[in-house]
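The report below walks through a two-chain model, one region at a time. Please keep the sequence and the coordinates open while reading.

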Amino acid sequence: MSTTPARPRVGLFATCLVDLFRPSIGFASAKLLEEAGCEVLVPPQTCCGQPAFNSGDKVTARDLALQVMDAFSGCDYIVAPSGSCTGQMVKHFPELFDEPQLAMRARAFAAKTFELVSFLTDVLKVTSVEATYEGRVTYHDSCSGLRELGIQSQPRKLLASVQGLELVEMNENDVCCGFGGTFAAKYGEISDTIVTKKTANISDSGAPLLLAGDLGCLMNMAGKITRQGKEIAVRHVAEVLAGMCDEPPIAGPGKTRK
Amino acid sequence: MTLHPTSPDFKDNAHRALHDPELQKALGHVQHGFIYKRQSAVERLPEFENLREAARDLKNHVLQHLDLYLETYERNVTAAGGQVHFARTSAEACETIVNICKSHGAKSVTKGKSMVSEEIGLNAAIEAAGMQAVETDLGEYIIQLRGETPSHIIAPAVHLTKEQVEGDFRRVHTHLDDARDLSEPVQLLTEARGVLRQKFLDADVGITGANFLVAETGSSIIVTNEGNGDLTQSLPRVHIVIASIEKVVPTLEDASLLLRVLARSATGQDMSVYTTLSTGPRRETDPDGPEHYHVVLVDNGRSAMLGTEFEDMLRCIRCGACMNHCPVYHAIGGHAYGWVYPGPMGAVLTPSLIGVEKGGHLPNASTFCGRCESVCPVKIPLPKLMRHWREREFERHLTPAVQRYGLKVWAFFAKNPGLYSLATRAAMTTLAWLGREKGRFASLPLAKGWTEYRDLPAPQGDTFQAQWRKRQRETRR
């Protein structure tokens with residue numbers, strides 16, 4: 001895209017985890033995009049194919065990549081509230097196809113696909129959000145977003161504009177939480193050791209709220225935090241940026257569940 | 001393979017490692033020391049990122065012309081009075097070295113640290129031929145006393161605490177005073193230095209590895225921090241260099257490029273304390289040096305990697321940065337990987353060298369966090385190469401049946417959005433209802449791998465897509 005259309009049509013790729021476990025992140029994403037002047041579309045979708053890709057099942061990964069590209073073909077941009085799924089679409093879709101036509105299509109698709117927060121700051125040039133959150137938060141840099149897409153300053157920039165919010169950095173905020181997709185289940189004991197170090201760093205920060213940009217990592221950390229009985233709430237960064245923190249935090253006790 | 005791999009038992013190895021308090025204490029040093037030191041070294045050198053790219057390109061160039069540079073190297077070693085031996089396998093390499101030692105009537109052989117010698121099981125071969133092999137790198141010396149293998153490619157004894165080393169020294173160095181103080185690392189170092197001094201002087205043959213082989217001069221280069229390599233190669237009558245074939249670089253200038261990224265990536269030093277070049281045997285005008293100079297070049301599966309998707313791995317210069325930055329290595333240490341090379345580089349190299357049937361766990365035991373690739377001085381795409389192994393395993397039906405079956409069921413639904421929607425809506429609304437009070441599950445059938453260690457957050461209710469469509473319909477009304 002050389003120029004941004006006046007009211008870009010943004011296809012929201014909710015990601016399968018948000019679709020299934022935490023729709024409120026999808027609505028927060030849509031709100032942020034709409035407030036930034038986008039028309040938000042949610043084409044029928046399932047998964048980007050990363051679980052298959054990382055399990056060595058390239059055939060299924062290709063099928064799902066084609067399915068995603070077809071579903072979002074009418075959009076100016078594709079945006080996902082996840083560095084991991086975006087990394088799959090941006091970095092790995094093009095690796096899946098040797099056929100020149102398909103490879104070209106995958107590269108063109110990748111060029112208009114963005115992670116939510118970096119899309120707001122880097123493409124739409126959003127510098128602040130209209131949101132209030134009273135209190136301290138700490139932010140975990142999820143690996144794919146950080147190292148595949150270079151997302152680090154963008155969420156911090158927008159969090160700084162949230163009224164009343166104070167960001168306190170934890171130690172080793174750029175170290176993996178131990179999720180790693182199917183790794184968490186396949187090598188549960190190792191994953192547990194890694195997430196236990198992570199939750200110690202989170203506690204040590206003293207912040208009562210943990211934020212990150214990937215629901216997979218968040219479910220892993222939240223699940224460990226509640227198992228350890230720690231009093232730390234966990235949310236996706238989009239929920240705070242959109243000012244939509246009325247739903248209970250991830251793995252937190254329910255109030256108005258439908 | 002001389003060293004019996006325990007990589008197929010990776011999960012059991014990891015379990016034991018996670019419950020080994022001494023190991024866990026020792027691993028604390030890896031997580032912090034190495035990372036901070038590398039970071040500081042990189043920050044002091046603004047062109048570091050450019051050097052990584054140049055180093056990558058240089059190694060790629062060498063791999064494309066490996067035959068040319070190996071032949072040039074051999075010619076120049078011969079011209080300097082040395083002899084080059086090519087070994088296709090571990091067995092050939094061991095046999096060649098043992099024969100050289102025997103032909104000189106050797107009784108004692110000193111060794112500088114060499115990972116390829118671990119790979120081919122050289123110490124066992126030397127001992128089996130009735131000679132004594134003495135490791136002279138402090139870390140290697142310690143693990144040799146313990147009958148262990150290195151747990152890290154540049155810090156072989158990093159899995160040990162200083163109390164464990166003290167115990168080993170008291171057990172083995174029985175000729176020394178029992179009442180001596182060994183509570184400080186420097187005292188351990190001094191004692192090892194004293195014991196090793198006589199071994200250096202007694203040795204008939206010295207064997208060193210090589211960080212680089214320089215084609216234009218026929219030189220081999222080693223870097224050490226202890227100077228043990230210098231004594232190993234200059235005191236005995238015979239010097240044998242053992243190196244794998246991908247260590248060759250065209251010129252001295254190329255070697256200096258790689259030296260600039262090597263120590264910074266490894267230990268955070270600008271340069272290692274000793275960088276030693278050796279070119280052929282002692283010349284008449286030299287004050288010292290060996291009378292005989294041999295180089296044993298080991299293939300052992302590497303040439304089979306050329307031209308495959310694993311060729312990138314042959315760029316590796318063995319700095320250890322990938323394992324220093326790996327959360328899995330930090331958790332379990334090096335021995336759990338079950339063969340010579342641990343961490344991310346081992347997860348790629350081990351299946352290449354011992355077969356994916358035995359090494360198959362290793363490329364799977366990664367979160368793909370990508371930190372290894374981000375620090376690799378020659379920019380090896382380690383997660384991508386691990387994924388290639390997973391692809392090979394999947395193609396050959398080596399992936400565990402439960403995982404294959406799960407993937408198949410999931411793929412069926414993921415490829416049918418209509419069915420997917422029906423199934424997920426039913427499942428999520430049910431789960432949300434079941435978990436409505438606590439907001440999480442402490443255990444759930446089919447999710448044991450997850451809930452054994454952490455709670456599973458409950459879904460909020462209906463799926464996002466269903467709720468979104470409902471909202472769209474309501475707005476239109």
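How far apart do the C-alpha centres of domain 1 of chain B and domain 2 of chain B lie? They lie 54 Å apart, where domain 1 covers 7-304 and domain 2 covers 410-476, the bounds being those of an automatic or database domain assignment.

## Basis of the model

This is a predicted model, in which local features need pLDDT of at least 70 and side-chain atom pairs count only at pLDDT 80 or more, whereas totals for chains, interfaces and linings use all residues. Residues are numbered from 1 along each chain as its sequence is written, and chains are lettered from A and ligands numbered from 1 in the order in which they are written.

## Chain B overall

The C-alpha trace of chain B spans about 100 × 60 × 45 Å along its principal axes, and the chain holds 23 helices and 12 strands; these elements are DSSP runs numbered from the N terminus, with helices being H or I of at least four residues and strands being E of at least two. Of the 477 residues in chain B, 49% are buried, a residue being called buried if 20 or more other C-beta atoms lie within 10 Å of its own, exposed if 12 or fewer do, and partly exposed in between, with C-beta atoms placed from the backbone.

Two residues are in contact if their C-beta atoms, placed from the backbone, lie within 7 Å. Among the contacts in chain B with a separation of 6 or more, 74% are accounted for by residues 24 or more positions apart.

Strand β2 of chain B (residues 108-111) pairs with β4(B) in the parallel sense over 3 bridges, pairing being assigned if DSSP finds at least two bridges between two strands, and V109(B) has V205(B) as its bridge partner. Strand β7 of chain B (residues 238-244) also runs parallel to β4(B), joined to it by 4 bridges, and here the bridge partner of T208(B) is V241(B).

In soluble globular proteins, nonpolar side chains tend to be buried together.

Strand β7 of chain A (residues 209-212) runs parallel to β8(A) and is joined to it by 4 bridges, with R235(A) as the bridge partner of L211(A). The β-α-β crossover from β7(A) through α12(A) to β8(A) is right-handed, meaning that, with the strands pointing away from the viewer, the path from the first strand over the helix to the second runs clockwise.

V240(A) is found in helix α13 of chain A (residues 237-241), and it counts as buried because it has 24 C-beta neighbours inside 10 Å. Leaving aside neighbours within four places in sequence, V240(A) is in contact with both L211(A) and R235(A), as well as with A131(A), Y133(A), V137(A), V162(A) and C245(A).

Chain A is divided into domain 1 (9-122) and domain 2 (127-241), and their C-alpha centres lie 22 Å apart. The contact between them takes 29 residues from domain 1 and 22 residues from domain 2.

Between the chains, the contact takes 61 residues from chain A and 55 residues from chain B. The side of chain A that touches chain B has 28 nonpolar, 18 polar and 15 charged residues, where Ala, Val, Leu, Ile, Met, Phe, Trp, Tyr, Cys and Pro count as nonpolar, Asp, Glu, Lys and Arg as charged, and the others, Gly among them, as polar.

## Two residues with positive phi

T15(A) is not a glycine, yet it has a positive phi of about 80 degrees; it is found in the loop between β1 (9-12) and α1 of chain A. K379(B), also a residue other than glycine, has a positive phi near 55 degrees and lies in the loop between α18 (371-375) and α19 (382-395) of chain B. T15(A) counts as buried because it has 28 C-beta neighbours inside 10 Å, whereas K379(B) is partly exposed, with 19 other C-beta atoms within 10 Å.
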